[in-house]
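Take a moment to look over the sequence and the fold.

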Amino acid sequence: MRDARRTESFGVVVVGGGQAGLAMGYHLQRLGLEFVILDAAARVGQSWREHWDSLRLFTPARYDCLPGMPFPAAANSFPTKDEMADYLEEYARRFALPVRSQTRANRVARDGDRYLVECGDAIFRTTEVVIATGAHAIASIPGLAAEVDTEVLQLHAQDYRNPAQLRPGPVLVVGAGNSGAEIAMEAAAAGHETWLAGRTVGHIPSRAYAFGGRIFWLIANHVVSRRHPLGRRLLAKMASRGGPLIRLTIDDVTASRVQLASRVEGVSQGRPRLADGRVVAANSIVWCTGFSQDFSWIDAGLVEAPGFHLVGMPFQYKLASAFVGGVGSDAGRIARRISAARKRRGRANHLPALSSSHEKVTPGKAL
């Protein structure tokens, strides 16, 4: 039976319209490469708008920009999540990036020397596919959460917006990373007796923020990187324990009347039980236990296939790889390699617009 879905062909298909996908589009455009950006959201920057209300970026505005467009705020200020969303939306408009909104990729498959990116009623054919969806795909919640009494409100950090969602009474925040620390402090400030459970992850020393954050930015891009021996050791440690607190210390957390607790190991009589045996009689639990990568929609074995690329992944090249201001250099590196591979094959850089599967697609080569 003939597949009735609409088919379009592009030299490069970028999956994901967040900061990684937009940075990728900027570099592809400057190199004259023909491409499309597919995004599941209805609006550019939507994932930022869905974070909790008080979230601010960890890095100052001078380092919160994509290539070609400074962030429109005081250099030493820390933008809100909505300001970042607005910035990304304006970025896509300013550079007229070809973002296809409400176009969710359901499958990426190999078809000969090309890829098929299946999106509902459409199929996009390409020789180069760039996955820019990042790692924050599926909320990670421990299985023991199912044993907690149904009277206890349970939220993952991705669903938390503000303390008004919490039930009256004690709150347990599980996960002592940046998100957990900030949400716990906010709950305590709203009058809740609050515990923060989990292994402490350390913090970046305040001296690293000297000179407007320049020292931290140097470390995040050039020291904590896969090219640096020390960076490789630190990245391995952070991958297993989580990243350090940024702009906060554990003393800041306790000073806000948050009580520290050992990690959650089980459930007793419907309430979370800590490693030290204590049972926390919380009425609300916020799971700040991170996310897991979901690549189940990508056919097995494609990661090493020619023309398959990833961008915006945590620690892909350096600590800053998943930061707004750090992903641009990674995207540029990938775009240049795609372009160089095409040149080596003797193909023209500038292609006519392709709208049908019957038209020719210029092949590329893997990184």
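How many bridges join β5 to strand β6, and in which sense do the two run? Five bridges join them, and the strands run antiparallel. Strand β6 covers residues 114-119. Two strands count as paired if DSSP finds at least two bridges between them. Strands (E, at least two residues) and helices (H or I, at least four residues) are DSSP runs, numbered from the N terminus. Within this pair, alanine 109 stands opposite leucine 116 in β6.

Before going further, note what kind of model this is. It is a predicted model, in which local features need pLDDT of at least 70 and side-chain atom pairs count only at pLDDT 80 or more, while totals for chains, interfaces and linings use all residues. Residues are numbered from 1 along each chain as its sequence is written, and side-chain values use heavy atoms, with hydrogens and water left out. The pLDDT is the predictor's confidence in each residue, from 0 to 100. The protein averages a pLDDT of 88, and 89% of the residues score at least 70. Over residues 347-367 the pLDDT is below 50. Even so, this stretch has 58 contacts in the model beyond near neighbours in sequence. A contact means heavy atoms within 4.5 Å. Where pLDDT is low, the predicted coordinates should not be read in detail.

Back to β5 and β6. They belong to an open sheet of four strands with the order β1-β7-β6-β5 and mixed pairing. β1 (6-9) and β5 (107-111) stand at the edges. Each has a single partner strand, so one side of each is left without a neighbour in the sheet. Neighbouring strands of this sheet are turned by 25 degrees against each other on average, direction ignored. Such angles are taken between axes, which are lines fitted to C-alpha atoms (for helices over the stretch in contact), and run from 0 to 180 degrees between N-to-C directions.

Now find strand β3, residues 35-38. In a regular strand the side chains alternate between the two faces of the sheet. Here Phe35 and Ile37 point one way, Val36 and Leu38 the other way, and all are buried. Buried means under 20% relative accessible area, exposed over 50%, and partly exposed in between (1.4 Å probe, protein chains only). Strand β2 (residues 12-15) is joined to β3 by four bridges, and the two run parallel. Valine 14 has isoleucine 37 in β3 as its bridge partner. From β2 the chain crosses through helix α1 (residues 19-30) to β3, and this β-α-β crossover is right-handed. That means that, with the strands pointing away from the viewer, the path from the first strand over the helix to the second runs clockwise. β3 also pairs with strand β4 (residues 99-100), in the parallel sense over two bridges. There, isoleucine 37 has valine 99 as its bridge partner.

A second open sheet comes next. It has five strands in the order β10-β16-β11-β12-β13, with parallel pairing. β10 (153-156) and β13 (258-261) stand at its edges, each with a single partner strand, so one side of each is left without a neighbour in the sheet. On average, neighbouring strands here are turned by 20 degrees against each other, direction ignored. Helix α4 (residues 178-189) lies across β11 (171-174), β12 (194-197), β13 and β16, running at about 170 degrees to β12.

Leucine 155 has valine 286 as its bridge partner. Is valine 286 buried or exposed? At 1% relative accessibility, valine 286 counts as buried. Alanine 157 is 129 residues from valine 286 in sequence, but 6.3 Å away in space, C-alpha to C-alpha.

Strands β14 (residues 264-268) and β15 (residues 271-274) pair in the antiparallel sense over four bridges. Their hairpin has two residues between the strands, and glutamine 269 takes a positive phi near 50 degrees. Glycine 307 is found in the loop between β17 (291-292) and β18 (308-310). Glycine 307 is buried, with a relative accessible area of 0%. Last, asparagine 221 is found in helix α5 (residues 210-223). Asparagine 221 touches Lys318, Ala320 and Gly326, not counting residues up to four places away in sequence.
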